[in-house]
Amino acid sequence: MSPVVAEPGAAEQLEERASRLFSQHQQEVWRRVDRLLAWLMAGQWLVAIALALLFSPYGWEGKARGGEWHLHAAVFLGGALSVIPIALVWRRPGTLLTRHGVAVCQLLWSALLIHLTGGRIETHFHILGSLTFLAFYRDWPVLLTASGVAVVDHSLRGALWPESVYGTPSPEWWLLLEHTVWMGFLDGVLILSCRDAVREMREMARRRAVAELASECEHQKTRALDHALTELKSAQEHLIRVEKLAAVGQLAASVGHELRNPLAAVRNAHAYLSKRLARPEELAGDARVPQFLALMDRELNSCARIISELLDFARESPVSLQPCPLRPLVEEAMGMVPAREAVRVLNQVPEELPVPLLDREQFRQVLINLVQNAVEAIPAGRAGEVVVRAEGGGGEPLRVRVEDDGGGIPANVLPRIFEPLFTTKKEGTGLGLAIVATRVQRHGGTLQVKSEPGRGSEFLIQLPPATARAA
Amino acid sequence: MSAARVLVVDDEESMRITLAANLELEGHEVVEAASGEEALRKVRERPVDVVLADIRMPGLHGVELHRHLRREQPGLPVVLMTAFAQESLVEDALAEGVFTVMHKPFDVAHLLRTLRHAASVPEVLVVDDSEDVAEATVEGLRLCGVRAQAVYDGDMALERMGSGKIDVCVVDLVMPGVTGPQVVERLRGAGQPVAIIAVSGHDVPEMMRQVAALGDVACMRKPISIRELAQVIARTRGRALARS
């Protein structure tokens, strides 16, 4: 069974919905048939007038009443029989009163038409046609009302004015019975068909109710889901804002701390120099003066580096990919890294490597950071080697490796090295590798690291094929 | 006191040598140490008058160094430096009898004044009409590593101030005879730089306003925790000396 019915109260809900749909349908049918019969009434009026003018004189030839009377009957009596049901349909469509009113008038119309044709047997079939039309209502009591009217009419007129009904002044005694039996037979058939139609309507209403409830239930679920999604999204956004704020706070604290140390040294040096400058004659012999000037320069550079790293990290400049030969770029980056004694820095990027698409500035910074880290990874006082290699490119992914044979990265540190603000250096903002990772990502690439304590580390940049990007 | 022997402890060479240069220019004798361990060795070799140490150092950090020095050389004034804006270590250090904590980058003149003051080994004067309270406070401060002495009325307080050893005065506001505000006013009038910490057991907003109007007065409500009092004293020393 459908899940709708399984829910508590769903059965009542279904019944209620089904009966509402059934009533709606029934009302539609009644109004439609009302309109149909109203048109029929108007048509019958015109037919009746035509009959009175053209046929009645022959039908009643040699009988008591003249043609003038029939025309009046057709116009006025027929007018009344049409106007009353049309008015009912117009003012009270779909009501019980209208249906039975229409039925009464329709059967009276049959009587009038029978009368106008002088009781010809053909027009008696009009009764059967009327009953069939009324059966369109799918409301069997209407048929009983109509049949009742026909039987009463036949009985009364058959007794008082048999010519008007049977076309003869002395009809057989069983004629009324015969007509009634035929009518009863048709009524029986029509009542059965009405009941069938109603049963079908009920079944249809029930199915529609099931379908509607199911779809409403789905709709509700969808809405609830949408609502939940919206809430989730706003919660996520809130969380991201909070995290961002926390990150900004952390960043501010970290950078603030990193700036304070060099600034303190500069301030001390400045205080010393100020005092010394007050007595210039003693300056010449003071070795501290040039030493402190150099120190101030170094520490201020350090401040500037920290600030530019911070800005680099904060700036979300989009990558501008241009063809950029890798080997010269690596050469350039190596030139930017301060050389260290006993540490060899080798550029092993092949000359013939296909020219990749890179953001020159951003990728150069990536290389500088990685090479610098590699150089610093080699313990002081021992020889070491830093190598940059590359392979692939063109239609294949480009792989760039920066390798060192330094101290390696301890296993507990390794998972955190790309985290912003994480640093093991004494002087460092912890932004360098975070910047590298972000920039490689912006190039559509990935950054991986392999390290063995004591053996060295390898940073691997993988960039998607240049052809795929150009496409 | 004019020239002192100062031990400068910082793992950052730039900081150490610039501090040393400034101190030497003022005529102080400077001993440098690049770590807490080295500092302990140097102090054991030859005593110093005052220690200036960074808090964040690899190995033995500044606060640990201070704890060692308190055991080995009680009474040796220690001034700590930090680049951190907030740190629980700073709070601990302040509560454990460090003379004060300086925040980098500081003014060199301020540092020189602070060191000179620390080297003079000043004391805290606790003024309270209840002898028990006064003595308990002094004992608590001593346990925290803060030198202190107690007096029980305003006249004795003024007399003690004459010794020139007092730099901070913890005054109970509500006292019979000479009241707290009057004591503060007279202490200020004596012409000696002294920082005031006003303490009151009752809610006396009028008196609080009165002493606050005298300027540079920290206020505390009883019951005061000795830890907090020690922290306030250390902070006051770092601040008040910047002014005088």
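Mentor: We may begin with a pair of helices in this predicted model.

Trainee: At roughly what angle do the axes of helix H5 and helix H7 of chain A cross?

Mentor: Two packed helices are described by the angle between their axes and the distance between the axes. Here H5(A) covers residues 96–116 and H7(A) covers residues 140–160. Their axes come within 9 Å, and the crossing angle is roughly 35°.

Trainee: Is the crossing of H5(A) and H7(A) left-handed or right-handed, and how many nonpolar residues does the contact have?

Mentor: The residues of H5(A) in this contact include His100(A), Ala103(A), Leu107(A) and Ala111(A), and those of H7(A) include Val142(A), Ala146(A) and Val149(A). The crossing is right-handed. Divided by class, the contact of H5(A) with H7(A) has 4 polar and 2 charged residues, and the nonpolar ones number 9.

Trainee: H5(A) also meets helix H2 of chain A. Why are H2(A) and H5(A) described as roughly parallel?

Mentor: The axes of H2(A), residues 10–54, and H5(A) come within 11 Å and cross at roughly 20°. Angles under 35 degrees count as roughly parallel. H2(A) and H5(A) are therefore roughly parallel to each other.

Trainee: What is the handedness of that crossing, and how many of the residues in contact are nonpolar?

Mentor: H2(A) passes H5(A) in a left-handed crossing. From H2(A) come Trp30(A), Leu37(A) and Ala52(A), among others, and from H5(A) come residues including Val102(A), Trp109(A) and Leu116(A). Of the residues in the contact of H2(A) with H5(A), 3 are polar and 2 are charged, while the nonpolar count is 12.

Trainee: Is Ala52(A) buried or exposed?

Mentor: Ala52(A) is found in helix H2 of chain A. Leaving aside residues up to four places away in sequence, it touches His70(A), Leu71(A), Ala73(A), Ala74(A) and Leu116(A). A residue needs 20 or more C-beta neighbours within 10 Å to count as buried. Because Ala52(A) has 25 C-beta neighbours inside 10 Å, it counts as buried.

Trainee: How far apart in space are Ala52(A) and Trp69(A)?

Mentor: In sequence, Ala52(A) and Trp69(A) are 17 residues apart. In space, from C-alpha to C-alpha, the distance is 8.9 Å.

Trainee: Let us turn to chain B. At roughly what angle do helix H7 and helix H8 of chain B cross?

Mentor: H7(B) runs over residues 154–161 and H8(B) over residues 180–189. Their axes come within 10 Å of each other and cross at roughly 20°. That makes H7(B) roughly parallel to H8(B), the angle being roughly 20°.

Trainee: Which residues of H8(B) take part in this contact?

Mentor: H7(B) passes H8(B) in a right-handed crossing. H7(B) contributes Gly154(B), Ala157(B), Leu158(B) and Met161(B). On the side of H8(B), the residues are Gln182(B), Val183(B), Arg186(B) and Leu187(B).

Trainee: Which helix gives the most to the side of chain A that touches chain B?

Mentor: The contact between the chains takes 18 residues from chain A and 15 residues from chain B. On the side of chain A, H9 and helix H10 (288–314) each supply at least two residues. With 14 residues, the helix that gives the most is H9(A).

Trainee: How many residues does the largest nonpolar core have?

Mentor: Those with the most contacts inside this core include Val6(B), Leu7(B), Cys169(B) and Val171(B). Its largest share, 7 residues, comes from helix H9 (residues 175–278) of chain A. Among the residues that Val6(B) touches are Leu23(B), Val30(B), Val50(B) and Leu115(B). The number of residues in the largest nonpolar core is 89.

Trainee: What percentage of the residues in chain B is buried?

Mentor: Chain A has 14 helices and 7 strands, and buried residues make up 31% of its 471 residues. Chain B has 10 helices and 10 strands. Of the 244 residues in chain B, the buried share is 47%.

Key:
Residues numbered from 1 in each chain as written. Chains lettered and ligands numbered in written order. Predicted model: local features only at pLDDT ≥ 70, side-chain atom pairs only at ≥ 80, totals over all residues. Core = buried A, V, L, I, M, F, W, Y, C linked by C-beta atoms within 7 Å. Buried ≥ 20, exposed ≤ 12 C-beta atoms within 10 Å, placed from the backbone. Helix = DSSP H or I, 4+ residues; strand = E, 2+ residues; numbered from the N terminus. Contact = placed C-beta atoms within 7 Å. Axes fitted to C-alpha atoms, helices over the stretch in contact; angles between N-to-C directions. Left-handed = near helix turned anticlockwise from the far one by under 90°. Nonpolar A, V, L, I, M, F, W, Y, C, P; charged D, E, K, R; others polar. Parallel < 35°, antiparallel > 145°, perpendicular 65-115°, else oblique.
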